[in-house]
Amino acid sequence: MSTTVALIITAVISFGITAGLGFVIIPWLRKLKFGQTILDIGPSWHKSKQGTPNMGGLMFIIGIIVAFVIGALTFTLSGGKLESDYASVLVGRDKVLIIAGLCLALGCGVIGFTDDFIKIKLKRNEGLTAKQKSFGQLVMAIGYTATLWLSHNTVWYLPFIGNVNFEKNIVTGVVFWLVSIFIIVGCVNSVNLTDGIDGLCSSVTVTVAVTFIIASVMLKFAGLGIISAALLGGVLGFLCWNWNPAKTFMGDTGSLFLGGLVTALGFAIKCPLLLVLILLPIGIVYVCETMSDIIQIGYFKITHGKRIFKMAPIHHHFEMCGWKEKKICVVFSIVNAVGCAVALVLMHFGY
């Protein structure tokens, strides 16, 4: 079986499972009264979304995992190799990136599920406290970084510099740990912040998934391509139910899972910095969402009540300016696609 066929099969399976699960999971969530609570701090017109089934992210979590397993098994049983042609002599090194990445995504999804469950079932609007959520993400980040270190996945491509091995000495080792943990926690939360209006996080993540599929072809890394194809099919299948007006929300269950998986794919291409570079990274929209929140809060405190944006994160600013949710999704996705294209150019000339 060719890699292209494996990618198509995986994407189709993921799309079919995710979209199909909507007919089962959404009524189930309604029956359990797992509806979204709209807080007063958001745009007033969001109140009409009160009670929309939350935790719909379970649909694409199941779809992505099942599709990846089927795609990977089918590909390997037909004689294909999941590892990159540029893989290290260390057997299984690239497979660790994929398996550990799925574990990171699932771990983040569990944190999100716990947060959603507390909000909805236990009627606590805040869910997990900021400290509890941060602690859980930190544990996942440390565990994933430890896996990278122990499997010797410590060589990164740095744009305009080249390949850097962080195992050279103690100093570079400490840098690897600190920067990795920062990227993981930062990216996971950035994707989470992007999930603020119907279809936004899913549509932006479509551009990210396509980028990683292209990157897998460039790197001849079939395993990366298969998991990216599963991600693409999953978010497209979810968009069938999440596009405005949304029939369900992914909740923190879904957005934190996506954050963990997107982050892991950044490490899988050996260039996680392309996720967070301020100038046109793969996740430029994710970064802008986070930076707008940080800037808004900082400026508010410094100026004792003044604001730069009408509301943060930045997608709410455009809502307050009169943009419809569908327009925001389309424009933000195009912007992110441009960032992804630049990232691919940097990769092309760097490898």
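M55 sits in the loop that connects helix 1 with helix 2 (57-77); helices here are DSSP runs of H or I with at least four residues, strands are E runs with at least two, and both are numbered from the N terminus. The model is predicted, so local features need pLDDT of at least 70 and side-chain atom pairs count only at pLDDT 80 or more, while totals for chains, interfaces and linings use all residues. Residues are numbered from 1 along each chain as its sequence is written, and side-chain values use heavy atoms, with hydrogens and water left out.

The backbone at M55 deserves a glance: its phi is near 65 degrees, a positive value in a residue other than glycine. M55 counts as buried at 1% relative accessibility, where buried means under 20% relative accessible area, exposed over 50%, and partly exposed in between (1.4 Å probe, protein chains only). H152 also has a positive phi, near 65 degrees, and is not a glycine. H152 belongs to the loop between helix 4 and strand 1, and with a relative accessible area of 37% it is partly exposed. For background, most residues other than glycine have a negative phi, and most peptide bonds are trans. Two cis peptide bonds can be described here. One joins N244 and P245, with omega at about 0 degrees, and P245 lies in the loop between helix 7 (222-242) and helix 8. Another runs from A312 to P313, with omega near 0 degrees; P313 is in the loop between helix 9 and helix 10 (314-320).

Strand 1 (residues 155-158) and strand 2 (residues 162-165) pair in the antiparallel sense over four bridges; two strands count as paired if DSSP finds at least two bridges between them. Within this pairing, V155 stands opposite N165 of strand 2. The two strands form a hairpin with three residues between them, and F160 in the turn has a positive phi of about 70 degrees.

Turning to charged side chains, the structure holds six salt bridges, each defined as a side-chain nitrogen of Lys or Arg within 4 Å of a carboxyl oxygen of Asp or Glu. In general, side chains of opposite charge can pair when their charged atoms come close. D252 takes part in a salt bridge with K119 (3.5 Å, N to O). This pair links distant parts of the chain, since K119 is in helix 3 (residues 93-120) and D252 in helix 8 (residues 251-268), 133 residues apart. K119 is partly exposed, at 25% relative accessibility, whereas D252 is buried, at 9%. D252 also forms a salt bridge with K133, where the closest N and O atoms are 3.1 Å apart. K133, like D252, is buried. Together with D115, the residues K119, K133 and D252 are linked in a network of salt bridges. Elsewhere, D94 forms a salt bridge with R93, the closest N and O atoms being 3.9 Å apart. D94 is buried with a relative accessible area of 0%, and R93 is buried at 8%.

The second largest pocket has a volume of about 310 Å³. Its lining comprises 17 residues, and those nearest its centre are F182, G186, C187, S190 and T290. Helix 5 (170-194) and helix 9 (284-302) are the elements that give two or more residues to this lining, and the largest share, eight residues, comes from helix 5. By type, the lining residues of this pocket divide into 13 nonpolar, four polar and no charged.

S14 is in helix 1 (residues 3-31) and is buried, with a relative accessible area of 0%. Leaving aside neighbours within four places in sequence, S14 is in contact (heavy atoms within 4.5 Å) with G63, I64, A67, A230, G233 and G234. L21, likewise found in helix 1, counts as buried at 19% relative accessibility. Not counting residues up to four places away in sequence, L21 touches I26, M59 and I62. The C-alpha atoms of L21 and G56, which are 35 residues apart along the chain, are separated by 9.5 Å.

Key:
On a 1 Å grid over the protein atoms alone, a cavity is a set of points where a 1.4 Å probe fits but cannot get out, and a pocket is an open set with protein on both sides within 12 Å along at least five of seven lines; lining residues have an atom within 4 Å of a point. Grid points are joined across faces, edges and corners, and a volume is the space filled by probe spheres set on the points. Ala, Val, Leu, Ile, Met, Phe, Trp, Tyr, Cys and Pro count as nonpolar, Asp, Glu, Lys and Arg as charged, and the others, Gly among them, as polar.
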